[in-house]
Amino acid sequence: DASGKGVAAALMIANVQSCLRTAALFTGDDLEALLKVVNHLAHTSSSDDRYATLFYGVFDGTTRILRYVNAGHTPPVVMRRDGSMLCLEAGGAPVGLLADSEYRAGSVRLEPGDLVVAFTDGLTEATNQHGQEWGVQGVLKAAARAGQFSQTAEALVDSIFNSLDHFSDGRQTDDATLAIVRVI
């Protein structure tokens, strides 16, 4: 039953969010320990077929360092003003999937003009009338085009979704989430 799956997914997301808030109180700045605790809590409190992908980051505005852990999520991409790109992949398995997953934190220095583009597979797996997927390259090309003209993150998000709708002819079938951070 599709509605039952939707409820189970919503409960898993709420559980992971609660685990994150609680674990953050006890793990301080240690992102690897944070995700290990969240994974353990999610694994022990959900059924065997339930897990969640997530990207967790902490930005220090003084040093401009983004510390992060990617738990099986589509890697967000840092798009540099000079046109170079960096995928934020450091991490581990989705939370709740394996009882004893280990996580590795990563860090990146962000500079003015950089964009951090985070998205779910609902964007990359969108298809056109010929069955071709938009893919990560479709997302990044749309972000690069929009990033040249748009000044706000909100305008970038709107532009990328307009590009997605054009590509898929409005036939989006999966949920799609997109977050943009513009470093100023």
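**A walk from the salt bridges to the sheet**

Let's start with Glu102, which is exposed, with a relative accessible area of 55% (exposed means over 50%, buried under 20%, and partly exposed in between, with a 1.4 Å probe and protein chains only). What you are looking at is a predicted model, in which local features need pLDDT of at least 70 and side-chain atom pairs count only at pLDDT 80 or more, while totals for chains, interfaces and linings use all residues. Residues are numbered from 1 along each chain as its sequence is written, and side-chain values use heavy atoms, with hydrogens and water left out.

Back to Glu102, then. Its side chain meets that of Lys36 in a salt bridge, at 2.6 Å from N to O (the term stands for a side-chain nitrogen of Lys or Arg within 4 Å of a carboxyl oxygen of Asp or Glu). Glu102 sits in the loop between β5 and β6 while Lys36 belongs to helix α2 (residues 31-45), so this pair ties together parts that are 66 residues apart in sequence. As for the naming, helices (H or I, at least four residues) and strands (E, at least two) are DSSP runs, numbered from the N terminus. Lys36 counts as partly exposed, at 34% relative accessibility.

How many salt bridges does the structure hold? There are three. Another one joins the side chains of Asp114 and Arg80, at 2.6 Å from N to O. Here Asp114 comes from the loop between β6 and β7 and Arg80 from the loop between β3 (77-79) and β4, so the pair ties together parts that are 34 residues apart in sequence.

Now for the strands. Four of them form an open sheet, in the order β4-β3-β7-β8, with antiparallel pairing. β4 (85-87) and β8 (178-182) are the edge strands, each with a single partner, so one side of each is left without a neighbour in the sheet. Neighbouring strands here are turned by 20° against each other on average, direction ignored. Two strands pair if DSSP finds at least two bridges between them. β7 (residues 115-119) and β8 run antiparallel and are joined by five bridges. Which residue in β8 is the bridge partner of Ala118? That would be Ala179. As a general rule, side chains in a regular strand alternate between the two faces of the sheet.

Helix α5 (residues 153-168) lies across β7 and β8, and runs at about 140° to β8. Such angles run from 0 to 180 degrees between N-to-C directions, with axes being lines fitted to C-alpha atoms, for helices over the stretch in contact.

Another residue to look at is Leu123, in helix α3 (residues 121-124). Leu123 is buried, at a relative accessible area of 0%. Setting aside its neighbours within four places in sequence, its contacts include Trp134, Val139, Ile160, Phe161 and Leu178 (contact means heavy atoms within 4.5 Å). Leu123 and Ser84, by comparison, are 39 residues apart in sequence and 21 Å apart in space, C-alpha to C-alpha.

Next comes a hairpin. β1 (residues 54-60) and β2 (residues 65-71) run antiparallel, joined by seven bridges. One of the pairings links Leu54 to its bridge partner in β2, Ala71. Four residues lie between the two strands of the hairpin. Arg64, found in the loop between β1 and β2, has a phi near 65°, a positive value in a residue other than glycine.

Two last stops remain. Tyr51, Leu97 and Leu98 make a nonpolar surface patch of about 280 Å². Leu98 belongs to the loop between β5 (91-92) and β6 (106-109), and counts as partly exposed at 47% relative accessibility. Patches are made of residues with over 30% relative accessible area and no salt bridge, with like charges joined within 9 Å and nonpolar side chains (Val, Leu, Ile, Met, Phe, Trp, Tyr) within 5 Å; accessible areas come from the Shrake-Rupley method with a 1.4 Å probe, and for residues only the protein chains shown count as cover. Finally, Ser45 is found in helix α2 and is partly exposed, with a relative accessible area of 46%. Ser45 and Asn15 are 30 residues apart in sequence and 8.3 Å apart in space, C-alpha to C-alpha.
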